[in-house]
Amino acid sequence: VSLSDLATHAQTLSLRGVQHTFAANQVVKGVDLDIAPGEVVCLLGPSGCGKTTLLRIAAGLEVLQKGEVSLEGVSIATPGKRHVPPEKRNVGLAFQDSALFPHLSVLENVAFGLKHLPSQQRRERAVELLTQLGMRDYVDTYPHMLSGGQQQRVALARALAPRPRLMLLDEPFSSLDARLRDRIRDDTLHVLKKLGSATLLVTHDPEEAMFMADRIALMRDGKIIQTGTPRELYCAPSDPFVVTFFGDVNELNGTVKGGKVQTPLGVVDASWLPEGSDAHIMIRPEALRIQARDLPAEAHSHSHVVMAKLLGRTSLIHLCAHGEGGLEAHLHARVPGVFLPQEGQPIDIDLDHSQVFVFPSSAH
Ligand code: ATP
């Protein structure tokens, strides 16, 4: 057994060089991804980037065209061949539109995959999961009597009941309303961690991915752009796309001089870029710290507020920043909601450099 075999064996799921084409449309363009036992990995990306297709390949629902899929170190699919059929993989599936069995009660739906257990135990395990997902009161109900969100929770419980070594979840919370979603995410994460199932979860929602994931794989146009912990993607984005995917940003351009770029907010370190090259600077609205300043009204050449809106927890502030050498920029800041300055208010701006990202201009 070689070292690389051992490394693969430690992974619950390994995808290697996976490619997929529908007609002439290549939607997965060479993806490598590993999921360790007990780990939750979120496949995050905009609509149409190939997330669902990749999940369906991992599940064996899509015949593999190129690459390899391994489960616990055993190759389960190579191009054109499924060595292990989907139903024999001990993989739990819950998809956005997972249909429940209409003629079975909620309890029977969840107990369906537990035929190997004595009936008392089947019932107990199904009731336990339904309780954990807030569906205890519906055990004897039939699917057509449930709301979309309730059906989704039953589908999740059904997928989790056999305690699969791998869970594949495609937008499993999409039918839940915002308030319930937070709770069910929390409950689901708790169950997943308790069972120790490795999980691949597809979502287009960055906040959901950050909440659920040990690691996020961010996809664009059939490729994984960056894989890492939520903190790594948020705080050390490898590409401008990663920055913009997690929220709106201010963008400035400048030239690297002496390893720095001069901006209306002061100098920004760009020492890793070639001297004289063009830099693309991305600044999160939260990076701007604003302080009102007592200045006479004629000081309008100082940084000032253009517009301020209270949005609840935060305020959005459009501002005009004036820097050294007559540099000027219109930017937006997001500050705690209690701070709501007047239009025209002179301000001092402090920059939190940990939320400023510098890329070569061509990377944009
Ligand atoms: P969403 O978040 O909108 O579900 P996604 O990232 O999951 O998007 P996929 O569903 O994997 O994306 O689709 C990727 C691309 O492949 C899309 O352009 C889609 O139209 C195309 N596609 C998906 N399934 C098929 C199919 N069975 N036949 C032809 N094209 C398909």
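This is a predicted model: local features need pLDDT of at least 70, side-chain atom pairs count only at pLDDT 80 or more; totals for chains, interfaces and linings use all residues.
Residues are numbered from 1 along each chain as its sequence is written.

Next I looked up where the domains meet. Six residues of domain 1 are in contact with seven residues of domain 2, a contact being two C-beta atoms, placed from the backbone, within 7 Å. On the domain 1 side, helix α9 (residues 240-245) supplies the largest share, three residues. By class I noted four nonpolar, one polar and one charged residues on that side. Here Ala, Val, Leu, Ile, Met, Phe, Trp, Tyr, Cys and Pro count as nonpolar, Asp, Glu, Lys and Arg as charged, and the others, Gly among them, as polar.

I then recorded the chain as a whole. I found nine helices and 21 strands, where helices (H or I, at least four residues) and strands (E, at least two) are DSSP runs numbered from the N terminus. The C-alpha atoms fill a box of roughly 80 × 50 × 35 Å along the principal axes. Among contacts between residues at least 6 apart in sequence, 65% join residues at least 24 apart. Of the 364 residues, 37% count as buried: buried requires 20 or more other C-beta atoms within 10 Å of the residue's own, exposed 12 or fewer, and partly exposed lies in between, with C-beta atoms placed from the backbone.

The core came next. The largest nonpolar core has 92 residues, of which Cys 42, Leu 43, Val 110 and Ala 157 touch the most other members. Helix α5 (residues 148-160) gives the largest share of this core, six residues. At least three of the core's residues come from each of domain 1 and domain 2. A nonpolar core is a set of buried Ala, Val, Leu, Ile, Met, Phe, Trp, Tyr and Cys residues joined through C-beta atoms within 7 Å. I also listed the contacts of Cys 42, leaving aside neighbours within four places in sequence: Leu 201, Thr 203, Ala 209, Met 212, Ala 213 and Ile 216.

For the ligand, I listed the residues around it as Phe 22, Val 27, Gly 45, Ser 47, Gly 48, Cys 49, Gly 50, Lys 51, Thr 52, Thr 53 and His 204. A residue is near a molecule if its C-beta atom, placed from the backbone, lies within 6 Å of it. Helix α2 (residues 51-59) gives the most to this shell, three residues. The shell divides into three nonpolar, seven polar and one charged.

Glu 171, between β8 (166-170) and α6 (178-195), has phi near 45 degrees, a positive value in a residue other than glycine. Glu 171 counts as buried because it has 20 C-beta neighbours inside 10 Å. Asp 221 lies between β10 (215-220) and β11 (223-228), and its phi is near 50 degrees. With 14 other C-beta atoms within 10 Å, Asp 221 is partly exposed. Glu 275, in the loop between β14 (266-269) and β15 (278-283), has 11 C-beta neighbours inside 10 Å and so counts as exposed.

Notes
Domain bounds come from an automatic or database domain assignment.
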